[in-house]
Amino acid sequence: MLVITNISALYGVTPHHKLSGQDMAQNPVINNAYIVIEGGNIASFGEMSAIGKIPPDAPIIDAQGKVVLPSFCDSHTHIIYPTTRETEFIDRVKGLTYEEIAKRGGGILNSADVLANTSEDELYKSAYQRIIGVMKTGTGALEIKSGYGLSVDMEMKMLRVARRLQQDLPVTIRTTLLGAHAVGREYAGRQGDYVNMICEQMIPAVAAEGLADFVDVFCDKGFFTTQETEKILEAAAKYALPGKIHANELAVSGGVQVGVKNGALSVDHLEQMDQEAINALKNTTTMPTALPGASFFLGIPFSPVRKMINEGLPVAIASDYNPGSSPCGNMQFMMALGVIRAKLLPVEALTAATLNSAYAMGLGATHGSIAVGKRANLSILKSGATLDLIPYSYGENHIEKIILGGVVIN
Ligand SMILES: [Zn+2]
């Protein structure tokens, strides 16, 4: 048992699995609150005046003057990768083209080359350190994609690393097969054959070992077509693996519609949205997910999440933590970008980065908000820090104490 008392404001108090439209700003708060944690889950909570009898030996954290938030849920990351790519970043700053950068060793295919020569243990160790880093900035659950393998063996190697991390770390981890991130080198010029190989070999092999919870496709201009995406989602559905799609980053690609049609759990990126794509998401179970870190780092448009929420949609925010287009997994910063650049209210950005992003990785019933029975993943902010201070005073870590599964981590 663990009891937190005198919480000045307890945010995210909702039993729902997601919040849409104007409800995102109504995510309830309790002032002067307590929480009781038992067996790793939230057992009870409420106003201090209603706190029941606490056993005399129960550990208590006095959160006098401090705000408590549900831990962030980061529903889109590529946190397992062999090396950082800052050389390529500086080349981009200097104005080199994508082709020139690829020639000098940048891009997804070059990451795949390096990954093939990196051991499972090395991948595990570097990803482990990155996850410790994002835990410190408040992430309590994250999704990890493969996608730097691009062959059956190498994609499975990445997913095995993800499953090991899931076993060893107190954060909740969900895994996604992203064989369709780019066409593997062996299949250069034969994209159709590569897609068939994903459907007929890669997905069955990954499913047989239970290595993935979801299947993802980079459905965009210059990557995979809507027809190829549908084929892969249909193959995944045979193994009860829902889709999570990279869609509409580079163009209005039809990726949103093909995701919705095939029951994808989320469609992610959405920098390029027309009214048809927005309409396609209405009254569906697919979570639109913005990745503001990629927009910031690449200098591309931000997803029009303000308009999407105004039209009644739910929206999730995730980091897209990856070495090429978003080398940062700090969800406080992602919230700040949502507020500063996409005009969300801080409470909407919080809903997007906790409850709705939990939903976007199939964890809406157990994570992302304060509710009896949900996992006790909580962040206690530093004294005096408010929810509004997170986007305002961006770039700082406002979290003092992290609790994951009811255990104090720091
Ligand atoms: Zn991504």
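1. The C-alpha trace spans about 70 × 45 × 45 Å along its principal axes.

2. Please keep in mind that this is a predicted model, in which local features need pLDDT of at least 70 and side-chain atom pairs count only at pLDDT 80 or more, while totals for chains, interfaces and linings use all residues. Residues are numbered from 1 along each chain as its sequence is written, and side-chain values use heavy atoms, with hydrogens and water left out.

3. Of the 410 residues in the chain, 59% are buried, where buried means under 20% relative accessible area, exposed over 50%, and partly exposed in between (1.4 Å probe, protein chains only).

4. The zinc ion has as its protein donors His76 (NE2), His78 (NE2), His246 (NE2) and Asp320 (OD), which lie 2.1 to 2.4 Å from the ion; donors are N, O and S atoms within 2.8 Å of the metal (3.2 Å for Na, K and Ca), and sites may look incomplete because water is not among the atoms. The arrangement is irregular because the 4 donor atoms subtend angles of 83 to 165° around the zinc ion. For comparison, four donors count as tetrahedral if all angles lie between 85 and 135 degrees; four count as square planar and six as octahedral if opposite donors are over 155 degrees apart and all others between 65 and 115, and anything else is irregular.

5. Along the chain, the zinc donors follow the spacing H-x1-H-x167-H-x73-D. His76 counts as buried because its relative accessibility is 0%, and His246 is buried with a relative accessible area of 2%.

6. Val93 lies in helix H1 (residues 86-93) and counts as exposed, because its relative accessibility is 60%.

7. Gly192 is found in helix H6 (residues 191-208) and counts as partly exposed at 37% relative accessibility. The C-alpha atoms of Gly192 and Phe224 are separated by 9.6 Å, although these residues are 32 residues apart along the chain.

Terms used: Helix = DSSP H or I, 4+ residues; strand = E, 2+ residues; numbered from the N terminus.
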